[in-house]
Amino acid sequence: MKVLVTGGAGYIGSTIANALKDAGHTAVILDSLVTGPRVFTQGHIFYQGDIADRGTLERIFREHPDIHSTIHCAALIVVPESVEKPYLYYRENVCKSLELFKNLEELGYPRVVFSSSASIYDAVPGFKVTEDSPLKPASPYARTKYMMEMVLEDLSRATRLRAIALRYFNPIGADPLYRSGIHVREPSHVLGKMVDVALGKLPEFQITGVDWPTRDGSGIRDYIHVWDLAMAHLKAVEQFDQVMEKTGQTYVVINLGTGNGVTVKELVAAFERVYGREIPKREAPPRPGDVAGAYANAERAWELLHWKAERSIDEGIASALEWGKRRKAVLGYA
């Protein structure tokens, strides 16, 4: 099948595009290249453009009328930046996504798989959340994801649009063949920062927030290998209609995580184990928009998609370190 991947030049979008290709499908990438590098689109059908541009979408569907569904990854994702620049995040993530969904439905391509986020969950005792746990997005970034979930739910009730919202936990690692990985020069992802410390690009790793009500005071997360994440999207588009039939719903939410909570301090210890030596580190206050965190109950993903995370944290760390060594050859910068 053919699948439109918005934001397909990004870290996660490019990994999904590669997973689709490896499974015999065709990814049609739409990306503005505002953040994603063009090199990640190589080997795929690529259109440079804005997700809100009706003319670009009309051209894509005119040239590829057999597109089955859309995986919508395009978004700005840096939590502290969203606190500093909320207008930018609401414009890019909310206003433009709203236009995208409207145009997809009107043009007759109503299947949407949406990249949502576990950052919309409220803190719960024990930190393990199901799809029905209470929501309380704590940053402008998280609120943009929450808003678009509500939009998709409402649109699916009123129009032909049908949607699966995949709530990501914390992606780590790189494409197993090292075709893509974290591409930003200064990663905001915790593992990206550790890799930069290991490679000498940063002087130390900061454990931001050590007074959370967790077992060691540091934030708790669910670190999922980006290739496992990509496999879930593959299953979501392959089984899209079956999921709708099975649930009897027009809008379905699914957590994507490992089901295991790992604190930041525990991740640091795992990183040092895989790396083979300690890295310089210090404790620091939380960043704007930070929360204690959560980890996934991933039972629904197994029930509906027959998907579960298969790669370990150590594998994610090892692939992130290897990508850190290789990325200059791929991207032209370290």
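## Terms and model

Helices (H or I, at least four residues) and strands (E, at least two) are DSSP runs, numbered from the N terminus. The model is predicted: local features need pLDDT of at least 70, side-chain atom pairs count only at pLDDT 80 or more, and totals for chains, interfaces and linings use all residues. Residues are numbered from 1 along each chain as its sequence is written, and side-chain values use heavy atoms, with hydrogens and water left out.

## The sheet

Seven strands make an open sheet with parallel pairing. Their order is β3-β2-β1-β4-β5-β7-β12. Two strands pair if DSSP finds at least two bridges between them. The edges are β3 (45-48) and β12 (251-256); each has a single partner strand, so one side of each lacks a neighbour in the sheet. Neighbouring strands are turned by 20 degrees against each other on average, direction ignored. Axes are lines fitted to C-alpha atoms, for helices over the stretch in contact, and angles run from 0 to 180 degrees between N-to-C directions.

Strand β2 (residues 26-31) pairs with β3 over four bridges, in the parallel sense. Here Ile 29 stands opposite Phe 46 in β3. Helix α7 (residues 226-238) packs on the sheet and touches β1 (2-6), β4 (67-72), β5 (111-117), β7 (162-168) and β12. Contact means heavy atoms within 4.5 Å. The direction of α7 makes about 165 degrees with that of β7.

## Lys 2

Lys 2 lies in strand β1.

The side chains of Lys 2 and Asp 66 are joined by a polar contact of 3.4 Å. Such a contact is a pair of N or O atoms within 3.5 Å; within protein, one must be able to donate a hydrogen and the other to accept it, and residues adjacent in sequence count only if both atoms are side-chain atoms.

## Helix α6

Helix α6 (residues 190-198) is mostly covered, with eight of its nine residues buried. Among them are Val 190, Leu 191, Met 194 and Val 197. The buried residues pack against β8 (170-172), β9 (205-208), β11 (223-225), α9 (264-275) and α11 (313-331). Gly 200 follows α6, with a positive phi near 80 degrees.

Methods
Buried means under 20% relative accessible area, exposed over 50%, partly exposed in between (1.4 Å probe, protein chains only).
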